[in-house]
Amino acid sequence: MRSSRDERGRFLSRGYRWVDERVGSTDILIALFKRPIPPGVGLWYTIGFAAVFVFVNQAVTGALLAMYYAPTPDHAYDSILYINNEVALGSVVRGLHHWGSSALLVLVVLHAIVVFVIAAYKYPREITWVLGVLLLLVVLGFSFTGYLLTWDEKAYWATAVGTNMAGTIPYVGDWMLNVMRGGSELGAMTLTRFYTLHVMVLPAALIALLAAHLFLVIRQGVSVPPGRWEVEPAVSPPEGGSVFKHEPMPLQRREEYNSRYQAFKRRGRPFWPDIIVEDALVALAVFLGLLLLTVLWEVPLEARADPTNTAYVPRPEWYFMFAFQLLKVFPGYLEWVGIAVVPTVGLLVLALLPFYDRHPRRRPLVRPVALASGGVAMAAIVVLTIVAFATTPSSSAEVGRQRLTTPQIAGRLLFEANCTACHSLGGKGGTSAPPLDGITNRMDHAFVHEYIEDPRSINPDAVMPPFLRYPDVNKLGHVDTEYIVEYLEAFRAQGE
């Protein structure tokens, strides 16, 4: 008598054969999991898999958040508070989604850097590279559109500045501004459009691009590390010598390339179970990192968006800080160059890289111009980011629980530019001069103002230089000094 387990196994086997005859599931599984991977593939090759894993994390956590989110200005902020404070594990899900957005961008950029360094964008993977650049654009779109959804001060004003930048582009700026905002002002229509882009349009675009990208990765195979590819001999060398001559590889040599690549694959390991274990371990490490960030750092949420709060100083997220700083290089009437021209040219140079860098050699040491150019570009982005963080004031328009006024915001900028080299305030600044916390508790407003403008008129032995009265050291105007004093008065309670 057959056991129930045998019967169940036979039934499942018949069911699988029925599906396999119609779908070809066995061929699909073999293509996905049993494909051989060339030797030499190591840790750097796992970054792409980790990026796909983080996208899945974003999709799952985003769907969970969407169940409780209300995309209207009246309810968006309250729904975020409800997720944080009332929904079971809501703060954890939101934390995984928040930190995952940064992790996804970092992993995509790292993956692109690895592909660039080992020149894996060259024949026959040119289209794979172009799709990767488009994926990077979609990820940036996710970051920008998701920014507004919390509807707090930071989200509102950073989006206002970002959309205003698009409005400066000649001829099409006004049209772009109206399309992005759904009108002349930031409001309900803007939030609806950003939400639609974030949860419908961009996910569809990313899934389509990612599917095409992965199809080509499987179709063309994973690139052999350049050191092995150019040094190790092929099993069956083609007639006429090596493929590697100092000239681009023409299309008719595809048979030579395929023959050599297949020889490497025969010496490699199968994707399942060898390679996928390494990928899974890296993905697990990334997930544990996101979970750790979620536990250690609370996801920031500022006060509810107030369109009348002109004192707020907008500041973008860290991954857009370099672009924010780049705009300062151009005067106001040329700001559109930094907004539209420079990024467009940079993206075109990046996307078309395989079509003008067609030399078959891939080792980094024989590509000094390409690596130097890429290094300069990355260094410029890093430097711009560092300078932006160093020179851009905090987005917070509050000291303690006191909201700063517009003059106090101006005073903060002037104070950071002229005073922090010597004086500290709120625990930040230099130590060569006395701290100024609570200075307006000890001295009245007029005294502090006079002392900043001309210290020696009050104390002949003062070391501090005058900031107004003498033309050779004139740095501040009378109104500027007044702004600084008003900013110092915001710290009155801290000095009590």
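Reader: What is the model's provenance, and which pLDDT limits apply?
Author: The model is predicted; local features need pLDDT of at least 70, side-chain atom pairs count only at pLDDT 80 or more, and totals for chains, interfaces and linings use all residues. Residues are numbered from 1 along each chain as its sequence is written, and side-chain values use heavy atoms, with hydrogens and water left out.

Reader: How many helices and strands does the chain have?
Author: The chain has 20 helices and 6 strands. Both are DSSP runs numbered from the N terminus, helices being H or I with at least four residues and strands E with at least two.

Reader: What share of the residues counts as buried?
Author: Of the 496 residues, 40% count as buried. Buried means under 20% relative accessible area, exposed means over 50%, and partly exposed lies in between (1.4 Å probe, protein chains only).

Reader: And what part of the contacts is between residues 24 or more positions apart?
Author: Such pairs make up 73% of the contacts with a separation of 6 or more. Contact means heavy atoms within 4.5 Å.

Reader: Turning to packing, at what angle do helix 5 and helix 6 pack?
Author: Helix 5 (residues 90-117) and helix 6 (residues 126-147) pack at about 160°, with their axes 10 Å apart. Axes are lines fitted to C-alpha atoms, for helices over the stretch in contact, and angles run from 0 to 180 degrees between N-to-C directions. Helix 5 and helix 6 are therefore roughly antiparallel. Angles under 35 degrees count as roughly parallel, over 145 as roughly antiparallel, 65 to 115 as roughly perpendicular and the rest as oblique.

Reader: Is that crossing left-handed or right-handed?
Author: The crossing of helix 5 and helix 6 is left-handed. A crossing is left-handed if the near helix is turned anticlockwise from the far one by less than a right angle, and right-handed if clockwise.

Reader: Which residues make the contact?
Author: Helix 5 contributes Leu 104, Leu 105, Val 108, Val 109, Ala 112, Val 115 and Phe 116, while helix 6 contributes Trp 129, Leu 136, Val 139 and Leu 140. Ala, Val, Leu, Ile, Met, Phe, Trp, Tyr, Cys and Pro count as nonpolar, Asp, Glu, Lys and Arg as charged, and the others, Gly among them, as polar.

Reader: How does helix 4 pack against helix 5?
Author: Helix 4 (residues 76-85) and helix 5 pack at about 115°, and their axes are 5 Å apart. That makes helix 4 roughly perpendicular to helix 5. Ile 80, Ile 83 and Asn 84 of helix 4 meet Gly 90, Ser 91 and Arg 94 of helix 5. This contact divides into 2 nonpolar, 3 polar and 1 charged residues.

Reader: What about helix 3 and helix 12?
Author: The axes of helix 3 (residues 47-66) and helix 12 (residues 271-296) come within 9 Å and cross at roughly 45°. The two are therefore oblique to each other, and the crossing is right-handed.

Reader: Which residues touch the most other members of the largest nonpolar core?
Author: Among its 39 residues, these are Leu 104, Leu 107, Tyr 121, Trp 129 and Leu 206. A nonpolar core is a set of buried Ala, Val, Leu, Ile, Met, Phe, Trp, Tyr and Cys residues joined through side-chain atoms within 4.5 Å. Helix 5 gives the largest share of this core, 10 residues.

Reader: What does Leu 206 touch?
Author: Not counting residues up to four places away in sequence, Leu 206 touches Phe 55, Leu 135, Val 138, Val 139 and Phe 142.

Reader: Finally, is Leu 89 buried or exposed?
Author: Leu 89 is exposed, with a relative accessible area of 63%. Leu 89 lies in the loop between helix 4 and helix 5, and its phi is near 60°, a positive value in a residue other than glycine.
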